[in-house]
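The following exercises concern a predicted model. Please work through each task before reading its solution.

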Amino acid sequence: MSTYALLADIGGTNARFALGDGTRLHAIDTLPTADYPRLEDAIAAYLRAQNISVKQASIAIANPVTGDSVQMTNHHWKFSIRALQAEFQLDKLRVINDFTAQALAVPHLGADEKRLVSAGEAADGTPLAVIGPGTGLGVSALVPDGHGGWVALAGEGGHVSFAPRNDTEVAIWKYAHARRSHVSAERITNGAGLTLIDNALATLRGETLPERRPADITTAALAGEATARQTLDTYCAALATVTADLVLTLGARGGVYLCGGILPRIADYFINESPFKTRFIDKGRFEGYLAAVPIWLVTAKNPGLVGAAAALQQG
């Protein structure tokens, strides 16, 4: 019987797995969620490929974890935690929100696993905000526990209402609202939000364009196409407003950690050219408050798996 633990970071598009030895990761693999009818099937496939069985597991998953029954927000997988533990004969199983895991990974980041977006002066003893777009919009935070450690929050801040800041964003909100009764921050700033913004801006220009995938938009924007660049600039500005709201709500003067799969792919543009930093501090009387908050872009390859390992060690 292996002494390794099974670690998983389950998103709407990909399921990432590893074998954990403390917070050290081994045998990392990524399986497309669309290829498996159930989470259990993906886990079994990974364990078969490694020719291993385990007695402990920690799963970070992209949806609320509020009881035994888990239903993914952006995918059809659902399961019972108790039944999952029984099926794989696990002595110990932790199931946590995926951005709770992202937050738990922050203290373990190496210097080469993050990039400075905006310098500031972190205030000791204050929370750290953790937010990031991908298939959804994940939100968490680390709060000091009073004993030199951290408590990771399990929230669903991506589903707060989107707050437009100018006429263009009001028009985007109206475009989205015509299709969804609730326009959340996630709806605008997740991966699909790039396509939504692109379509809305084309409508504003009176154009009818073929619908573009998020990756096509970012590629075109980085290549200098004006309409795609407007889409990407609008997207980053909207994300900045959501992030600043989170910092103000939490009093997260310890810093912001931007995670998720989208931003590392556009890191140079995001740090050096996007309107994110300007919009982030655009809060009137609280501009100085926000300007002092350092912002980091997490570039680590598997922070969710590291966070899942940390959760298993906590208890």
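**Exercise 1.** Determine how many cavities of 30 Å³ or more a search of the whole structure finds, and state which residues line the largest cavity.

*Solution.* Step 1: the search of the whole structure returns 1 cavity at the threshold of 30 Å³ or more. Step 2: the volume of the largest cavity is about 30 Å³. Step 3: its lining consists of Leu-6, Ile-43, Val-54, Ala-57, Ile-59, Phe-88 and Leu-90. Step 4: sorted by class, this lining comprises 7 nonpolar residues, with no polar and no charged ones.

**Exercise 2.** Give the strand order of the open sheet, and explain why one side of β3 and of β7 is left without a neighbour in the sheet.

*Solution.* Step 1: the open sheet has 5 strands in the order β3-β2-β1-β4-β7, and the pairing is mixed. Step 2: β3 (24-32) and β7 (92-97) are the edge strands; each has a single partner strand, and therefore one side of each lacks a neighbour in the sheet. Step 3: from one strand to the next, the twist averages 15°.

**Exercise 3.** Describe how β4 is joined to β7, and identify which strands helix α1 touches and which helix α3 lies across.

*Solution.* Step 1: strand β4 (residues 56-61) runs parallel to β7, and 6 bridges join the two. Step 2: opposite Ser-58 stands Arg-94 in β7. Step 3: helix α1 (residues 39-50) packs on the sheet and touches β1 (5-10), β2 (14-21), β3 and β4, with its direction at about 130° to that of β3. Step 4: helix α3 (residues 98-105) lies across β1, β4 and β7, and runs at about 95° to β7.

Conventions
Residues are numbered from 1 along each chain as its sequence is written. This is a predicted model: local features need pLDDT of at least 70, side-chain atom pairs count only at pLDDT 80 or more; totals for chains, interfaces and linings use all residues. Side-chain values use heavy atoms; hydrogens and water are left out. Two strands pair if DSSP finds at least two bridges between them. Helices (H or I, at least four residues) and strands (E, at least two) are DSSP runs, numbered from the N terminus. Axes are lines fitted to C-alpha atoms, for helices over the stretch in contact, and angles run from 0 to 180 degrees between N-to-C directions. Contact means heavy atoms within 4.5 Å. On a 1 Å grid over the protein atoms alone, a cavity is a set of points where a 1.4 Å probe fits but cannot get out, and a pocket is an open set with protein on both sides within 12 Å along at least five of seven lines; lining residues have an atom within 4 Å of a point. Grid points are joined across faces, edges and corners, and a volume is the space filled by probe spheres set on the points. Ala, Val, Leu, Ile, Met, Phe, Trp, Tyr, Cys and Pro count as nonpolar, Asp, Glu, Lys and Arg as charged, and the others, Gly among them, as polar.
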